[in-house]
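Subject: Structure handover

Hi,

Here is the structure I promised to pass on. Have a look at it first, and then read my notes below.

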Amino acid sequence: MFKNIVALVFAAATASASLYVRDTDSSSASKVAQAMAVIAGNGVSGNFTFVPVPGQTGLKVGINLSGLKQGTQYPFHIHVSLVPANGNCTATGGHLDTYGIKTANGTYNCDKTKPLTTCEIGDLAGIAGNLVANANGQATMTFNNPVITFGDNKTTILGHSIVVHNPDNSRLACGNIVGYVLKDPSSKSESESKSKSKSESDSESDTDTQSSGASSVAMSAALALVAAAIAF
């Protein structure tokens, strides 16, 4: 049942993707509605999604990966730097640790019951456990991380990356975390407006109305499924 809900949430999020646009304004972190990291490397592919949870601190994390080895433990973390254009996961630097937890404690031991004082901000696996793939090489997981955010400078995940590690801690796959804001369905570019004739605009208006209705249905379905997954 749990895995079915996870699959439906990802399907609904994909169906309503047109309702979101990539956030290009670094000052609008408070407007970010969700974030995603598309993961790739060494035959591994998939994504991490992050959404706020009403009434709770932190973010709900959803993971959906394929191309893994059955039964293998895969740690995963938020890293400081972005993945460069060449996809080199090594260039992402170390784990995000803005409070210097690892340095301050000397010997690092993340306690998921005390994440603020014992865990690096980027130690997602320390709180949720490692990913383990099924017989098809797929791994899915959802969990609430009470520390990470979209807005606070010290705990924000925006502007950072995700790295999935092999059991020996070498870097297997990675992807940049990108924030998305809700798209304004009434907004159109100036160039688009000028290039349309009156008849084309009338025709487009009808199409937009139908499209908007379909998008609203997709969004309603997505929100309902996300709510179901959170409640579960």
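Leu131 is buried, because its relative accessibility is 0% and buried means under 20% relative accessible area, with over 50% being exposed and anything in between partly exposed (1.4 Å probe, protein chains only). You'll find Leu131 in strand S7, residues 131-132; helices (H or I, at least four residues) and strands (E, at least two) are DSSP runs, numbered from the N terminus. Leu131 touches Ile63, Leu65, Thr72, Gln73, Tyr74, Phe76, Ala139 and Met141, leaving aside residues up to four places away in sequence; a contact is heavy atoms within 4.5 Å. Tyr74 is 57 residues from Leu131 in sequence, yet their C-alpha atoms are 4.9 Å apart.

Before going further, some housekeeping: this is a predicted model, where local features need pLDDT of at least 70, side-chain atom pairs count only at pLDDT 80 or more, and totals for chains, interfaces and linings use all residues. Residues are numbered from 1 along each chain as its sequence is written, and side-chain values use heavy atoms, with hydrogens and water left out.

Now the overall picture. The protein chain has six helices and ten strands, and 38% of its 232 residues are buried. Of the contacts between residues at least 6 apart in sequence, 63% join residues at least 24 apart.

On to the core. The largest nonpolar core holds 35 residues; such a core is a set of buried Ala, Val, Leu, Ile, Met, Phe, Trp, Tyr and Cys residues joined through side-chain atoms within 4.5 Å. Phe48, Phe50, Ile63, Phe76, Ile148, Ile157 and Ile162 have the most contacts inside it. Among the elements giving two or more residues to this core are strands S2 (32-41), S3 (44-52) and S10 (171-182), along with helix H4 (124-128). Ile162 touches, among others, Phe48, Phe50, Leu124 and Ile177.

The aromatics come next. A search of the whole structure turns up two aromatic pairs, where rings of Phe, Tyr and Trp (its six-membered ring) pair if their centres lie within 6.5 Å, and planes under 30 degrees apart count as stacked, over 60 as edge-to-face and the rest as tilted. Phe76 and Phe143 are a tilted pair, because their ring centres are 6.3 Å apart and their planes are at 50°. This pair links distant parts of the chain, with Phe76 in strand S6 (residues 76-79) and Phe143 in strand S8 (residues 139-145), 67 residues apart. Phe76 is buried at 0% relative accessibility, and Phe143 is buried at 9%. Together with Phe48, Phe76 and Phe143 form one aromatic cluster.

Then there's His160, in the loop between S8 and S9. At 13% relative accessibility, His160 is buried. Its side chain reaches the backbone oxygen of Val80 at 2.7 Å. The residues that His160 touches include Ile78, Leu96 and Asn176.

Finally, two loop residues to look at. Most residues other than glycine have a negative phi. Asn42, in the loop between S2 and S3, has a positive phi near 55°, and Asn42 is exposed at 64% relative accessibility. Asn169 also has a positive phi, about 75°; Asn169 sits in the loop between S9 and S10 and is partly exposed at 46%.

Over to you!

Key:
A polar contact is a pair of N or O atoms within 3.5 Å; within protein, one must be able to donate a hydrogen and the other to accept it, and residues adjacent in sequence count only if both atoms are side-chain atoms.
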